[in-house]
Amino acid sequence: MALAFPKVVYGLIAFAIFWVLAVFPAVPFLPVGRTAGSLLGAMLMVLFQVITPDEAYATIDLPILGLLFGTMIVSVYLERADMFKYIGKLLAWKSRGAKDLLCRICIISAVSSALFTNDTSCVVLTEFILKIARQHNLPPTPFLLALASSANIGSSATPIGNPQNLVIAVQSKISFGNFLIGILPAMVAGVVANATILLIMYWKLLDGINERKSDFIIRWKRVLWKSCVYIITLGMLVALLLGLNMSWTAITAALALIVLDFKDARPCLEKVSYSLLIFFCGMFITVDGLNKTGIPSSLWDLMEPYSHVDRASGVAVLAIVILVLSNLASNVPTGKWMWGFFIM
């Protein structure tokens, strides 16, 4: 694709502003945050005529936004049904020491992130890990690092684990089951490797720390309601595995939980991260504007001869490129770009 000036210059300026505000949301000269930065980048793409207003609206991926919205609602009701409290209690149940606890955190955070998104798992489980660390006089750092790293590894296993997976799964129409089967072995290997590395790093720090028995007391409230929440969530996962439309499946589960709750849904709806949904809208427009400048496709033309997946060297080059782009430009736009390149 030929590069068109001055569209290239304007597109780079708009994307650079988006990138700076997305990566460094508290920049001194414009501390407006990631969401506003995303909208600013999108607006500049339109004002600079890199992309037309109609093209900007068309590039917003409603299935991805619907799936995000639905899974957020389901996560809110799961939290209200104490699902994450029970998961947290598994961390300390019959614990055999600090090293055993670290391994449990790696496994539980990976599994919960794959099913309920990594953001939700990290936000909720951090509280329990800090509580357990205080109760047992443990250093929290190794366990928090285990949570953060394993949550990212585990979230890679399903389309609903993180936003970039949503982009790839929805646009490529890869079914939930095929996505899970394809990534699960790598996810398991990653969790094992991560736990091993953390144990090696903190072996001396964790060695000799005696655990006392957990004093968590399980309190069952509204057992029937909670059971229904879990059943609906399980039904959503089964429907996803059967290949039903992921976006409408998540929204249907969310609405079923709202109806089941039989009360004003405003408090739960207020917990939805609308700023994240708006950020995605701006990001879709900004990334599509940058694509229209021809820069990504030109870079791909240069890299493509060295990144054939039928060769070990090509896989290594591709992995390095994705790793660098994910850290420089964020993993969500990177996933969107790479999928676009693969279907070219």
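Student: Is Q49 buried or exposed?

Tutor: A quick note before the answer: this is a predicted model, in which local features need pLDDT of at least 70, side-chain atom pairs count only at pLDDT 80 or more, and totals for chains, interfaces and linings use all residues. Residues are numbered from 1 along each chain as its sequence is written, and side-chain values use heavy atoms, with hydrogens and water left out. Q49 sits in the loop between helix 2 (33-47) and helix 3 (53-59), where helices (H or I, at least four residues) and strands (E, at least two) are DSSP runs numbered from the N terminus. Buried means under 20% relative accessible area, exposed over 50% and partly exposed in between (1.4 Å probe, protein chains only), so Q49, at 66%, is exposed.

Student: What is the phi of F262?

Tutor: F262 is in the loop between helix 12 and helix 13 (266-269), and with a relative accessible area of 78% F262 is exposed. F262 is not a glycine, yet its phi is positive, near 55°.

Student: How many helices does the protein chain have?

Tutor: Buried residues make up 47% of the 344 residues in the protein chain. There are zero strands, and the number of helices is 17.

Student: Which residue follows helix 9 with a positive phi?

Tutor: Helix 9 spans 163-172, and eight of its 10 residues are buried. Among them are P163, L166 and V170. The residue after helix 9 has a phi near 60°, and that residue is K173.

Student: Why does N162 count as buried?

Tutor: N162 lies in the loop between helix 8 (141-155) and helix 9. Leaving aside neighbours within four places in sequence, N162 is in contact (heavy atoms within 4.5 Å) with N118, S155 and S156. N162 counts as buried because its relative accessibility is 5%.

Student: What is the angle between helix 11 and helix 12?

Tutor: Axes are lines fitted to C-alpha atoms, for helices over the stretch in contact, and angles run from 0 to 180 degrees between N-to-C directions. Helix 11 (residues 223-241) and helix 12 (residues 246-261) have axes 9 Å apart, at an angle of about 170°.

Student: Is helix 11 roughly parallel or roughly antiparallel to helix 12?

Tutor: Angles under 35 degrees count as roughly parallel, over 145 as roughly antiparallel, 65 to 115 as roughly perpendicular and the rest as oblique. With their angle of about 170°, helix 11 and helix 12 are roughly antiparallel.

Student: How far apart are the end C-alpha atoms of residues 179-203?

Tutor: Residues 179-203 are one of the spans that an unreviewed UniProt entry annotates as "transmembrane region"; such annotations may be inferred rather than shown by experiment, and positions are given in the numbering used here, with feature names shortened. The span is 100% helix and 0% strand, and its end C-alpha atoms lie apart by 35 Å.
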